[in-house]
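Me: I am new to reading protein structures. Could you go through this one with me?

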Amino acid sequence: MRALIWNGKEDIRCETVPDPTIQDGRDAIIKVSACAICGSDLHLMGGFVPTMEQGDVLGHECMGEVVEVGKENNKLKIGDRVVVPFTICCGECRQCKWGNWSACERTNPNGEMQAKVYGYPLAGLFGYSHITGGFPGGQAQYVRVPYADVGPIKVPDSLTDEQVLFLSDIFPTAFMAAEHCEITPEDTIAVWGCGPVGVLAVKSCFMLGAKRVIAIDTIPERLALAREAGAETIDYADGDLQAKILEMTHGQGPDAVIEAVGLESHGASTIAGAISSVMSHTVSLERPFALNQAILACRPGGIVSLPGVFAGPTGPINMGAFMQKGLTMKTGQTHMQRYMKPLLERIEKGEIDPSFIISHRANSLEDGPELYKTFRDKKDKCTKVVLRPNG
Ligand SMILES: NC(=O)c1ccc[n+]([C@@H]2O[C@H](COP(=O)([O-])OP(=O)(O)OC[C@H]3O[C@@H](n4cnc5c(N)ncnc54)[C@H](O)[C@@H]3O)[C@@H](O)[C@H]2O)c1
Ligand SMILES: [Zn+2]
Ligand SMILES: [Zn+2]
């Protein structure tokens, strides 16, 4: 089959790799009808995530048709149309039972390696390095889904692939980020980053009843998408961001802030920042500029919600502001199974159609490597890429 593979930093290729096969009774094989490139994939492309190996199949946002099912899998049958979450969960361990799905204790075969870095093993992830299990991803014609009796959800034929594909990651991620803000009808939420996650977070904040949402980025078409989602917007490159946020909130500040940028954030406005930016471009050091801006802007006693991905030790974070103001941080890889079904229902009811963020489509994987660059460089007004690996 054809698949997008990681060949090294900045080097994504479309190559022929062996077809996946059933390896465990709970597995299923999915023929991928649609998959997407995520901001998290850009962190792999940029070489920020350790333990990637040459030839690793990428992709963790995918859906398609079940073409093979393991003997012990009673949930799926051949022909089912399913969306596959990016996390792999057993459904039986302590963390899965508590609903902390992304902390599943059993699905990462390299859990020991992960525990050395994070203290504990966490859920296996598709296409996201060997520290998360080394599972081949879904930017491929076929994907093996382990524990397929727990993760994938069936979707009705009345909805198109593009309407439901983002249930695989970014819509639940954005929704969990909004939920973490504990929104009340009086609340103003500020969102850093108007990429796919940030824009869907704006939508989710309004779905959860926020009064106002202020969205921050510098890319005009992304700011325009955030406005379309109902936000007031600020271009962070245009003057003093903190002063603008205070002015827009009558000196009160946002009640909660969402950092939907992650470890590659831009915006070195000081000399120290510029030096750290140059350093991080040289050695792939994680940079928390947006996180620091969000911490600074959050009102005392407020909440910092962090869906943006960090992978390891990060440049200086303003813990002084965080501690002195008594802030709370909520973060994590998304607990997908908490959100997939309720959000599918919201799509079915017509409350939201997440496909509005798609700008680029391709009917094969061959264009994938070029589209990775287009998405990374925000070229050609690219906001989200969807590929159809089987045409
Ligand atoms: N927690 C999870 O489970 C989970 C799931 C999916 C994605 N993510 C993460 O969410 C983040 C966003 O994903 P995406 O797909 O929207 O990525 P993206 O790269 O398309 O978007 C990031 C946006 O942030 C903007 N930005 C950069 N620096 C900024 C700054 N200082 N202030 C404001 N905006 C700034 C960029 O211009 C860009 O538009 C990534 O870190 C991704 O890894 C997390
Ligand atoms: Zn993702
Ligand atoms: Zn589990």
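Me: Leaving aside its neighbours within four places in sequence, which residues is Val-202 in contact with?

Reply: Let's start there, keeping in mind that this is a predicted model. Beyond those sequence neighbours, Val-202 is in contact with Val-191, Val-213, Ala-215, Ala-226, Ala-229, Gly-230 and Ala-231.

Me: How do I read a nonpolar core, and which residues of the largest one touch the most other members?

Reply: The general idea is that nonpolar side chains in soluble globular proteins tend to be buried together. Here the largest nonpolar core has 124 residues, and those that touch the most other members are Ile-30, Ile-189, Val-191, Ala-201 and Val-202. Strand S3, residues 28-37, gives the most to this core, with eight residues.

Me: Why does this core lie between domain 1 and domain 2?

Reply: Both domain 1 (2-169 + 335-387) and domain 2 (171-331) give residues to the core, so the core lies between them.

Me: How far apart are the C-alpha centres of the two domains, and how many residues does the contact take from each?

Reply: The centres of domain 1 and domain 2 lie 25 Å apart. The contact takes 25 residues from domain 1 and 24 residues from domain 2. On the side of domain 1 that touches domain 2, the elements giving two or more residues are H1 and helix H12 (336-348). By class, that side of domain 1 has 13 nonpolar, seven polar and five charged residues.

Me: Now the ligand. Which residues come nearest to ligand 1?

Reply: There are 34 residues around ligand 1, and Gly-39, Ser-40, Gly-193, Gly-195 and Gly-262 come nearest. Elements that give two or more residues to this shell include helix H1 (39-45), helix H6 (196-207) and strand S12 (212-217). The largest share, four residues, comes from H1. Domain 1 and domain 2 each supply at least three residues to the shell.

Me: Finally, what does the radius of gyration say about the chain as a whole?

Reply: Compare the value with what a compact globule would have. For 391 residues that would be near 21 Å, and the chain has 20 Å, which agrees. Along the principal axes, the C-alpha atoms fill a box of roughly 60 × 45 × 45 Å.

Me: And how many helices and strands does the chain have?

Reply: The secondary structure comes to 13 helices and 18 strands. Of the 391 residues, 52% count as buried.

Note on methods:
Residues numbered from 1 in each chain as written. Chains lettered and ligands numbered in written order. Predicted model: local features only at pLDDT ≥ 70, side-chain atom pairs only at ≥ 80, totals over all residues. Near = placed C-beta within 6 Å. Domains from an automatic or database assignment. Core = buried A, V, L, I, M, F, W, Y, C linked by C-beta atoms within 7 Å. Buried ≥ 20, exposed ≤ 12 C-beta atoms within 10 Å, placed from the backbone. Contact = placed C-beta atoms within 7 Å. Nonpolar A, V, L, I, M, F, W, Y, C, P; charged D, E, K, R; others polar. Rg over C-alpha atoms; globule rule 2.2 N^0.38 Å.
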